[in-house]
Amino acid sequence: MPVIDIHNHFFPRTWPDLAARYGTPNWPWIKHTEPGKAEIMVGDRVFRQIYSACWDPEVRLSEMDRDGVEMQVLSATPVLFAYDRPAEHALDCARLFNDAALELCAQGKGRLKSLCQVPLQDIDASCQELSRCMRAGHLGVQIGNHVGEKNLDDPGIVTFLHHCADEGAAVLVHPWDMLGPQRMPKYMMPWTVGMPAETQLGIVAMILGGAFDKLPKHLRICFAHGGGSFTFLLGRLENAWQHHSVAHGVCELPPSGYVNRFYVDSAVFDERALQFLVATMGAERVLLGSDYPFPLGEHRVGTLIRSSRLTTTAKERLLGGNAVEFLGLEKSAATSEGTTASTSGGPIVTHGEQLTYSSYLKVPELLKLQHPQSSPQHHDELLFIIVHQTYELWFKELLHDLDAVVSNLRGAGANPESRDEVYEAARLLRRCTEITRVLVEQFTILETMLPTHFLAFRGKLEPASGFQSEQFRELEFLCGLKDEKMLRYHRPTPEAHALLERRLREPSLHDVFFDALRTMGKLQVDENATERERFDARARAVLSLYRDERSNRDWIDVCERLTEFDELVVSWRLRHIQLVERVIGVRMGTGGTAGSSYLKLTLDKKFFPELWEARTLLTE
Ligand code: HEM
């Protein structure tokens with residue numbers, strides 16, 4: 001997996017005298033002090049000491065080799081944003097530095113890429129400049145976390161972010177123009193205190209201001225410096241949201257429901273902070289970002305991640321896998337022609353190469369993912385691995401479809417007049433039942449393995465157990481069967497633990513289904529009702545749908561699909577128990593349970609018991 005640093009900066013060796021060009025003072029300029037060293041000046045004030053890595057591609061490349069970094073995605077620095085200047089000056093300045101970035105990248109042997117900047121005080125000009133830059137070869141844009149008093153939920157900025165999503169541009173949000181300057185004149189406090197607060201403010205504004213609800217899910221947006229104070233204070237934000245209506249904002253979900261909508265970089269400089277970041281955001285949401293080559297950057301890029309106790313898989317994701325997704329590199333490999341960015345870690349962007357069956361489906365990678373533990377290798381262990389992997393792939397598809405069902409039902413609840421979302425939910429649920437039918441059947445393949453053959457390698461598997469199937473538990477939580485105790489089996493894998501914690505907090509399919517019935521006026525529950533009374537009210541709401549078939553055909557279809565899904569999951573549990581008994585009798589499981597007698601207790605579990613209760617009520 002390539003190592004890609006998505007947050008680092010450059011300064012051209014020279015640029016025009018901006019103060020003279022625009023006739024206004026205090027523009028940044030560069031003062032070369034000795035060979036290879038310079039100062040960024042703002043007017044007469046020294047803003048920052050820099051060195052030749054800022055402008056010399058050879059120096060950059062050799063330091064990248066030293067640090068084992070294959071690709072850098074560079075951006076100018078916020079001191080150049082000029083959002084508080086006349087828009088035409090900010091646009092001209094943006095163009096100068098955007099073109100300078102491309103010139104530097106052109107000398108980077110395919111290993112340097114860039115993010116542009118835009119005059120964010122003028123949305124139309126920003127959209128145009130972004131489109132120009134994307135055509136010219138930038139991978140996205142770096143923006144500040146506010147424009148004067150406008151936060152990132154400002155309608156104009158949301159329009160711009162929409163445009164970024166349409167253009168497939170990655171967005172890096174960098175704090176700038178820090179709050180409280182009078183109280184932070186010394187000790188680098190604007191960097192150490194102001195920046196984290198600004199970044200947190202940017203994220204919170206986007207969440208509570210409803211920006212994420214308005215923006216498409218395919219927007220790829222990342223916040224610098226680990227998202228500032230956001231993750232550490234998410235609990236505080238969530239608490240305020242849950243208990244004080246004034247803290248609600250206009251968002252649809254609690255704040256924690258949005259952590260899957262953005263990325264953060266890894267520039268936190270402390271292993272515990274990195275672990276916490278990964279636990280909160282998920283290993284798929286944190287990207288290597290170094291702030292290189294500035295004094296506050298990581299001195300040996302990637303060291304924090306490499307030396308951490310994260311799993312190898314998580315490290316690979318943080319070091320480069322997530323960046324490939326964030327930057328849309330795979331997509332550009334599939335769609336664009338031209339130069340190849342081949343790197344020492346293997347090709348990242350296969351520009352010009354024809355897509356094939358194998359390269360699209362990653363067949364070579366897939367076929368290398370089976371690693372039997374028995375030695376000498378037992379013939380049936382390969383089957384054991386492949387059957388489990390196949391289950392996990394289908395679990396992935398189920399989660400994908402059920403997430404879409406949740407959002408369709410949410411849409412249906414929000415707009416009871418439109419039936420499109422209800423039909424779509426029913427259509428996808430039918431796919432889920434068909435997949436689950438295959439999953440019930442698939443156990444028969446494993447039953448071709450003799451119990452003696454399984455016992456020959458079973459000892460190698462302990463303490464791994466199906467209990468640790470993170471996706472199976474995700475499916476249960478997503479559908480509404482939330483059992484916090486099950487989290488303990490995922491302690492060895494912090495990313496899985498964090499993901500499941502998130503699923504626990506998020507509204508389930510069960511919640512969203514009944515919320516929709518509530519907004520349609522089919523379900524009324526008294527605020528002081530007991531849990532039993534609430535259950536009865538939900539069952540009666542379902543009953544009312546069935547009693548008026550002509551008006552509710554589409555909703556009845558959803559109910560039938562949900563019931564069938566529930567039924568098939570119970571069949572899955574039963575067939576799994578039969579398999580277990582066939583292979584290990586009533587012996588204990590590798591996860592430490594009593595085996596089949598424990599699993600039998602799970603047979604009573606239902607995702608939607610109200611749908612079954614409604615049937616009893618119907619026959620009364
Ligand atoms: C030789 C085959 C298998 C045996 C002997 C077996 C055994 C067991 C046992 C004893 C448990 C209870 C937990 C424990 O103590 O480990 C369990 C749980 C589980 N197994 Fe299997 N299993 C087999 C195949 C499979 C397959 C093919 C899957 C497919 C994904 C699977 C998925 C699960 C899941 C998801 C759980 C947790 C169930 C729950 O919490 O309700 N197992 N298995």
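Residues are numbered from 1 along each chain as its sequence is written, and side-chain values use heavy atoms, with hydrogens and water left out. Because the model is predicted, local features need pLDDT of at least 70 and side-chain atom pairs count only at pLDDT 80 or more, whereas totals for chains, interfaces and linings use all residues.

The shell around the ligand holds 27 residues, of which Ser-465, Arg-473, His-576, Gly-591 and Thr-593 come nearest; a residue is near a molecule if one of its heavy atoms lies within 4 Å of it. By residue class, the shell divides into 14 nonpolar, eleven polar and two charged residues. In this division Ala, Val, Leu, Ile, Met, Phe, Trp, Tyr, Cys and Pro count as nonpolar, Asp, Glu, Lys and Arg as charged, and the others, Gly among them, as polar. Four helices, H15 (381-414), H17 (443-446), H19 (470-479) and H23 (553-584), each supply at least two residues of the shell. The most is given by H23, with six residues. Helices (H or I, at least four residues) and strands (E, at least two) are DSSP runs, numbered from the N terminus.

Polar contacts are pairs of N or O atoms within 3.5 Å; within protein, one atom must be able to donate a hydrogen and the other to accept it, and residues adjacent in sequence count only if both atoms are side-chain atoms. An N or O atom in the side chain of Ser-465 is 2.7 Å from an oxygen atom of the ligand. For the side chain of Thr-593, the distance from an N or O atom to a ligand oxygen is 2.7 Å. A polar backbone atom of Gly-592 lies 3.5 Å from an oxygen atom of the ligand. Within the protein, the side chain of Asn-98, a residue of helix H3 (residues 87-106), reaches the backbone nitrogen of Gln-117 at 2.9 Å. Asn-98 is buried, with a relative accessible area of 2%; buried means under 20% relative accessible area, exposed over 50%, and partly exposed in between (1.4 Å probe, protein chains only).

The structure holds 36 salt bridges, each defined as a side-chain nitrogen of Lys or Arg within 4 Å of a carboxyl oxygen of Asp or Glu. In the pair Arg-66 and Asp-67, the closest N and O atoms are 2.8 Å apart. Arg-66 is partly exposed at a relative accessible area of 40%, whereas Asp-67 is buried at 7%. Glu-284 and Arg-502 form a further salt bridge, with the closest N and O atoms 3.6 Å apart. This pair links distant parts of the chain: Glu-284 is in the loop between helix H9 (271-281) and strand E11 (286-287), and Arg-502 is in helix H20 (residues 494-505), 218 residues apart. Glu-284 is partly exposed, with a relative accessible area of 23%, and Arg-502 is buried at 4%.

Arg-538 is bridged to Glu-610, with 2.6 Å between the closest N and O atoms. Arg-538 lies in helix H22 (residues 531-547) and Glu-610 in helix H25 (residues 609-618), so the pair ties together parts that are 72 residues apart in sequence. Both Arg-538 and Glu-610 are buried. A network of salt bridges links Glu-434, Arg-437, Asp-557, Arg-561 and Glu-564.

On the surface, Leu-355, Tyr-357, Tyr-360 and Leu-361 form a nonpolar patch with about 510 Å² of accessible area together. Patches are made of residues with over 30% relative accessible area and no salt bridge, like charges being joined within 9 Å and nonpolar side chains (Val, Leu, Ile, Met, Phe, Trp, Tyr) within 5 Å. Accessible areas come from the Shrake-Rupley method with a 1.4 Å probe, and for residues only the protein chains shown count as cover. Tyr-357 is placed in helix H13 (residues 357-361) and counts as exposed at 63% relative accessibility.

Ser-375 and Pro-376 are joined by a cis peptide bond with omega about -5°, and Pro-376 lies in the loop between helix H14 (363-367) and H15. The peptide bond from Glu-462 to Pro-463 is cis with omega near 0°; Pro-463 is in the loop between helix H18 (451-458) and H19. Lys-109, although not a glycine, has a positive phi of about 55°.
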